[in-house]
Amino acid sequence: MKRIFYAAVASSFLLSVHAGAARAQAQAAASPAKKVSAIQVLMIQSDEIKLPAEFQISLYENLIQQLEKKGGFQHVYREGDHNADSVTDMVVLHSTVRGFKKGSEMARNVTTVAGKTSIDIHCQFTDKDGKSVLESDVNGKVRFLGGNLRATLDFAKKGAKLAHDNFAANPAS
Amino acid sequence: MVKCTIRRALIFLAGLLAAAALPSAAQQPPTGTKAVQVTGLTGVKPNAKGNLASANGNLEFEHEKAKVTVPIHSVEDVITGADSQRVFRGTMGTLTMLAPYGGGRFLSLFRSKLDILTIQYRDTDGGLHGAIFTMALGKAEPFKKELLAQGARTSVPVQDDSGSSNTQEKKP
């Protein structure tokens, strides 16, 4: 009886491990081993979620600033930049807003625990042909100090780190 | 003697008034509106205070000694919004958080409303940029109209542009 019980526990454990690995594999569409010299950032899309324009712009600008600050890429191109047309050694970052909760700076200051601003963004890295090479969900939030737009900076730092760790040709910088 | 003193006093008073009036007539009030560039303009630090104006087909942001210009015809979208900020902010605002008996929290309740102006524009290479400005309440809408009159485009018509917008409104 005990053997059956142990076997059942062991098999369920193995199954959960396997499922977790499969999920992680699905999230990272392909092995992001290829290092590139340039990255192009497209404007943040928010077709399903109502996102104020200032948040959209702040996400985009902060992401580009953080990528430039982090280094590792020779060029960080903006959406529509003609100079990127001839570059082949490049990944394109598509960002889509999946969730947004605008908190309140006043509520944060007064109560400490309430008023959190949070943004969930699905980041998809594709190659020049549009083939997905990495997908990941990145969250930006502000809990305590700062205005609501500070959540966009939090996202930008995480997004830039994700890009840098997976694609930067010169990760030491 | 008295008449002479009165005459001298009147001349002195007139001189004072003229001296006070002349500089104000010579110094033309700066056009545009005082604004804070939150982020986006190339070569301008975040949260830089300056003067935002539209002149000669350009959107100009002048701060300290530098001036940044963006051709208005390259502005693809102008959107206004509203927000609020702490009355006591910056270093002083941070220090107030240390006030005893929840004094800092109490001071956080004092907030001032402000307008947000968001623009999207293209540089000479076609790269898409965005910039965010905050300004005094009621200033963003007239400025938007001014930009639209000079050739800027918007995804949200002026009448409907209350609060914030999203990309869904861009759809026809």
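Visitor: What should I know before I look?

Guide: Residues are numbered from 1 along each chain as its sequence is written, while chains are lettered from A and ligands numbered from 1 in the order in which they are written. This is a predicted model, in which local features need pLDDT of at least 70, side-chain atom pairs count only at pLDDT 80 or more, and totals for chains, interfaces and linings use all residues.

Visitor: Where in chain B is confidence lowest, and where is it highest?

Guide: Start with pLDDT, the predictor's confidence in each residue, from 0 to 100. Chain B averages 77, and 76% of its residues score at least 70. Within chain B, the lowest confidence is in helix H1 (residues 2-26), with a mean of 53, and the highest is in S7(B), at 93. Residues 16-29 of chain B stay under 50, and the model gives them zero contacts beyond four places in sequence. Residues 164-172 of chain B are also below 50, but that stretch has 17 contacts beyond near neighbours in sequence. Where pLDDT is low, the predicted coordinates should not be read in detail. For the complex, the predictor gives an ipTM of 0.76 and a pTM of 0.76.

Visitor: How many helices and strands does chain A have?

Guide: Helices (H or I, at least four residues) and strands (E, at least two) are DSSP runs, numbered from the N terminus. Chain A has four helices and five strands, and they follow the pattern α-β-α-β-β-α-β-β-α along the sequence.

Visitor: How do I check the length of helix H2 of chain A?

Guide: The expected span of a helix is 1.5 Å times one less than its number of residues. For the 18 residues of H2(A), residues 53-70, that gives 26 Å, and the end C-alpha atoms are 26 Å apart, which agrees. After H2(A) comes A:Gly71, with a positive phi near 75°.

Visitor: Why is H2(A) described as largely enclosed?

Guide: A residue is buried if 20 or more other C-beta atoms lie within 10 Å of its own, exposed if 12 or fewer, and partly exposed in between, with C-beta atoms placed from the backbone. In H2(A), 14 of the 18 residues are buried, so the rest of the structure largely encloses this helix. Over chain A, 35% of the 173 residues count as buried.

Visitor: Which residues have the most contacts inside the largest nonpolar core?

Guide: A nonpolar core is a set of buried Ala, Val, Leu, Ile, Met, Phe, Trp, Tyr and Cys residues joined through C-beta atoms within 7 Å. The largest has 59 residues, and those with the most contacts inside it are A:Ile39, A:Val41, A:Leu63, A:Leu67, A:Val91 and B:Val75. H2(A) gives the most to this core, with eight residues.

Visitor: How do the strands of chain B pair up?

Guide: Two strands pair if DSSP finds at least two bridges between them. S5(B) and S6(B) run antiparallel, joined by eleven bridges, and S6(B) and S7(B) pair in the antiparallel sense over nine bridges. The hairpin of S6(B) and S7(B) has five residues between the strands, and there B:Gly126 has a positive phi near 90°.

Visitor: Which element gives the most to the side of chain B that touches chain A?

Guide: Two residues are in contact if their C-beta atoms, placed from the backbone, lie within 7 Å. By that rule, 25 residues of chain B are in contact with 25 residues of chain A. S6(B) gives the most to chain B's side, with five residues.
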